[in-house]
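Here are some notes for a first look. Please keep the model open and follow the points in order.

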Amino acid sequence: PLRRFFDLSSGINAEYGIMVASKKTKKAMESINSRLALVMKSGKFTIGYRSTLKSIRQGKSKLIIIANNTPALRKSEIEYYCMLAKVGVHHYSGSNIDLGTACGKYFRVGCLCITDPGDSDIIRSMPAE
């Protein structure tokens, strides 16, 4: 039978020549996903670009999470608003489909604004990363 082996230094599957996520990124991804699930259950949040900008302008937002495939202009506009409002920004390492799934939704989520973290410690842990 064929044997698959991994180059542990770079995270590349040598047989198929594909990238495999390293353990560190998987752990970080799992931790943010579990914290995000707790926010969805016990906290307050807004989903979407327009409602995110509204809550930043109103000064309600605590943390903004942006998917990695958000258009550059939109991403930089959100970052600029956050810089003015002194709000933390976290760049989610997955796509908008992954972010939607992490939020427990069946649709894509490009950006997400957390106004009240609830029982989660996501505000304290994310800006440190």
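1. Of the 129 residues of the protein chain, 33% count as buried. This is a predicted model. The protein chain exposes about 8500 Å². Carbon and sulfur atoms supply 56% of that area.

2. Five helices and seven strands make up the secondary structure of the protein chain. Along the sequence, the pattern reads β-β-β-α-β-α-β-α-β-α-β-α. Take the contacts in the protein chain with a separation of 6 or more: 70% of them join residues 24 or more positions apart.

3. Start with helix α3, residues 72-85.

4. Which residues of α3 are buried? They are Lys75, Ile78 and Cys82. Seen down the axis of α3, these buried residues fall within an arc of 65°, so they line one face of the helix.

5. Now look at what lies on each side. The cover over the buried residues of α3 includes helix α2 (49-58). Strands β5 (63-66), β6 (88-91) and β7 (111-116) are also part of that cover. The face turned away from the buried side carries exposed residues: Ala72, Leu73, Met83 and Leu84. Just after α3, Lys86 takes a positive phi of about 55°.

6. Cys82 deserves a check of its own. At 1% relative accessibility, Cys82 counts as buried, because the cut-off is under 20%. The closest cysteine sulfur to that of Cys82 is in Cys113, 7.9 Å away.

7. Cys113 is in no disulfide, and its nearest cysteine sulfur is that of Cys82, at 7.9 Å. Cys113 has 0% relative accessibility and therefore counts as buried. How many disulfides does the structure hold? It holds zero.

8. Finish at helix α5, residues 122-125, where Ser125 lies. Is Ser125 buried or exposed? At 13% relative accessibility, Ser125 counts as buried. Its side chain has a polar atom 3.1 Å from the backbone oxygen of Asp121. The backbone oxygen of Ile122 lies 3.4 Å from a polar atom of the Ser125 side chain.

Definitions and conventions:
Residues numbered from 1 in each chain as written. Predicted model: local features only at pLDDT ≥ 70, side-chain atom pairs only at ≥ 80, totals over all residues. Heavy atoms only, no water. Helix = DSSP H or I, 4+ residues; strand = E, 2+ residues; numbered from the N terminus. Expected span 1.5 Å × (residues − 1). Buried < 20%, exposed > 50% of the residue type's maximum accessible area, 1.4 Å probe, protein only. Arc of directions from axis to C-beta. Contact = heavy atoms within 4.5 Å. Disulfide = S-S within 2.5 Å. Polar contact = N/O pair within 3.5 Å; in protein donor to acceptor, adjacent residues only side chain to side chain. Areas by Shrake-Rupley, 256 points an atom, 1.4 Å probe, with all protein chains shown as cover.
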